[in-house]
Amino acid sequence: MTRLLPSALALAWVLCALAVYAWQYLDYFNTVLRILGVG
Amino acid sequence: MALAVLLAQAAACVGFGAILLKALRIDCADRLNHFCLAFAAGFGVLGWGLFFLGIAGFFQPMALGLVLAVGVTGLPLLKSPQSTATPPLKWNTISWVLLALLALVLALDVFEALPPPTDADSLAYHFAAPRQFIQAGRIEFILRPLDGAIPYLVQMTYVPVLALGGEQAMTLWTMLSGWMAIMTLFALARPYLGANGSLAVALLTASLPITIYAAGTGQIEIRMALFAMVSCWAVGQALSAGTLRHIVLAGIGAGFYAGAKYLGLLFVAGLGLTVLLHRRWLTFSCVFALAVIVAGGQWYAWNAVHTGDPVFPMLFPLLGRSDLGLWTLEQDAFFKSGLMEADRPIARTLVNLLLYPFWVTLNAPEATEGRQVGLGPYGWVMTPFILYGLWLVRHRIRRGPILVYGTSCIVFFVLWFVTGSSQRVRHLLPMAPLLILCMAVLVRQVGLRHPALRPILYFALGACLTFQLAITGLFGVKYVRYAFAGQSDQQYLEANLTVYAPVPWINANLGADDKLFIGERQLFYYLTVPYLFMSPHTQSAVDLRGRIDRWQDLHRQLIATGLTHVLLRGETPFSSAWGDLIASSCLMPMHEFQALQIGSRTLSARSAETVLRLYQVQPVCPGTG
């Protein structure tokens with residue numbers, strides 16, 4: 001369990017950091033979806 | 001023809017660089033590294049030499065062709081007898097995937113180079129100034145702060161391609177020189193990161209928002225990265241081997257950087273600091289400074305001759321001449337308190353210095369342009385791993401290239417922030433390749449120490465690349481459409497360049513004896529008639545600061561400046577005097593244009609329609625006598 005902790009923490013950080021970053025670009029994603037015809 | 005000129009100029013750059021490296025007896029063990037450094041150095045040599053050709057009035061096709069021919073003669077020197085073949089890289093499936101993605105990004109660059117240019121800064125001066133110089137047959141002094149009286153070393157390299165191969169050759173040249181920056185980074189990264197790591201770093205840098213925004217345009221930052229890389233590499237070699245010839249190359253590279261942009265002076269200071277790390281610091285720093293002055297001092301001398309201020313307008317109150325007409329002490333004070341302050345939205349405190357990279361990545365103030373033209377997610381996502389990697393190597397940091405790369409980046413950034421430069425993120429692009437290399441080297445250390453973390457690090461890298469590649473693809477859609485839609489250049493420009501619509505009419509109906517007062521700087525490159533930039537910040541001949549109440553005074557200034565026509569967008573600007581001027585028939589309406597105002601080069605949804613009106617200035621009108 002203890003050996004898994006660093007990996008779990010690292011993964012949690014990466015996911016959170018990506019989510020925080022991606023949040024501000026929602027309008028870009030919407031544009032991509034519109035271009036692809038699914039938005 | 002465009003392609004032939006492009007290849008000739010590329011060969012000339014490599015040739016000039018080969019001559020310089022041979023003269024300095026610098027030979028990289030790695031052939032790809034040697035080739036890239038030769039291109040980077042030769043690119044600077046070409047820009048440096050063309051200054052002297054330009055002020056002597058030899059910007060004619062014959063002379064420019066001769067310069068390229070001289071450069072090409074240096075090519076045989078590239079194959080140095082000491083060079084060994086590039087060590088074979090360990091390629092695997094991941095390598096091929098990364099290479100394919102890199103090829104995709106580069107292919108989009110080709111599409112971007114095909115249509116006519118639409119980037120505002122490029123059209124206002126990066127491309128407009130070389131075009132003006134070619135038409136004049138010589139370099140002319142442009143008395144305008146920020147985008148007129150500036151160092152032009154990189155833009156000088158646009159002159160031969162534009163003069164000999166036309167606009168297409170010039171846009172292809174920006175593409176190629178941007179590619180060379182990525183290739184140089186790949187070459188420098190291989191000793192530290194291997195094949196996959198180097199490809200990943202190259203792909204990360206090629207798809208950074210700041211890179212895709214600027215690389216395919218006339219903007220110079222990605223090309224300045226060539227100078228940053230060659231000079232930092234050279235200092236690294238000098239610190240390791242104690243060789244003076246590498247210091248000369250470093251000084252020349254840093255001088256080229258300073259000759260390309262005022263911010264290069266901060267780079268010189270940052271790199272100069274690392275030169276002091278050697279025990280022969282006094283000799284090294286003197287030689288370094290001398291090389292910097294020789295390689296980059298000419299544009300500062302050019303400014304000093306014309307304005308008194310070598311870094312116009314930074315020292316204008318102290319050194320500036322009082323007889324410049326368009327620029328006065330009062331105008332200088334207005335410019336610095338207005339425009340420059342607006343370009344620095346983040347207060348210059350120690351806390352903000354540390355927070356800046358995160359701030360502009362996660363919640364960028366509008367003026368920094370960090371949201372659209374930012375640093376990408378890699379640095380933010382990898383922050384804890386980078387810091388941990390730094391902790392891991394704290395006892396093993398040696399005086400070598402990586403230390404120089406990192407120190408130069410940090411010192412440049414600190415100086416850039418504290419000296420009150422414009423806080424636009426894209427101004428950091430010349431240092432971005434080296435910064436990403438340093439970050440990747442530190443993250444790799446974490447992966448080496450803790451193999452269990454490697455899948456997570458790969459996942460984070462993959463996610464960052466996915467995001468950046470998606471943005472790159474979105475950015476490229478417009479150019480791919482142009483290639484296949486069969487649009488004419490005029491149609492493309494009307495759809496993609498802010499308020500382009502009046503340009504064809506103005507070019508057809510106004511002549512060389514007219515002078516247009518125009519606030520649309522993005523149109524300068526396409527105008528074939530004389531013009532003056534209508535901005536309250538960049539000229540004082542016509543007072544646009546809203547202080548003139550009487551339209552008669554305004555009319556007098558327009559006439560005294562030789563302006564014959566005025567182009568206005570939307571509502572009457574600046575002051576009520578302009579409205580009075582129109583109402584009193586001193587400005588006669590000539591033509592009205594419906595045009596598009598482009599909010600984003602990437603997202604067409606942000607465009608809006610607007611109206612522009614062209615007025616003719618009447619020499620005599622009621623009330624002026």
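Q: Is Ala595(B) buried or exposed?
A: Ala595(B) is buried, at a relative accessible area of 5%. Buried means under 20% relative accessible area, exposed over 50% and partly exposed in between (1.4 Å probe, protein chains only). This is a predicted model, where local features need pLDDT of at least 70, side-chain atom pairs count only at pLDDT 80 or more, and totals for chains, interfaces and linings use all residues. Residues are numbered from 1 along each chain as its sequence is written, chains are lettered from A and ligands numbered from 1 in the order in which they are written, and side-chain values use heavy atoms, with hydrogens and water left out.

Q: What is Ala595(B) in contact with, apart from neighbours within four places in sequence?
A: Its partners are Val499(B), Ala501(B), Ala608(B), Glu609(B), Thr610(B) and Leu612(B); contact means heavy atoms within 4.5 Å.

Q: New topic: how many salt bridges are there over all chains?
A: The search finds 13. A salt bridge is a side-chain nitrogen of Lys or Arg within 4 Å of a carboxyl oxygen of Asp or Glu.

Q: Which side chain meets Arg569(B) in a salt bridge?
A: That of Glu520(B), at 2.7 Å, N to O.

Q: Is Glu520(B) buried or exposed?
A: Glu520(B) counts as buried at 8% relative accessibility, while Arg569(B) is partly exposed at 28%.

Q: And what about Asp343(B), which side chain does that one meet?
A: Asp343(B) forms a salt bridge with Arg424(B), at 2.9 Å, N to O. Asp343(B) is buried, at 13% relative accessibility, and Arg424(B) is partly exposed, at 22%.
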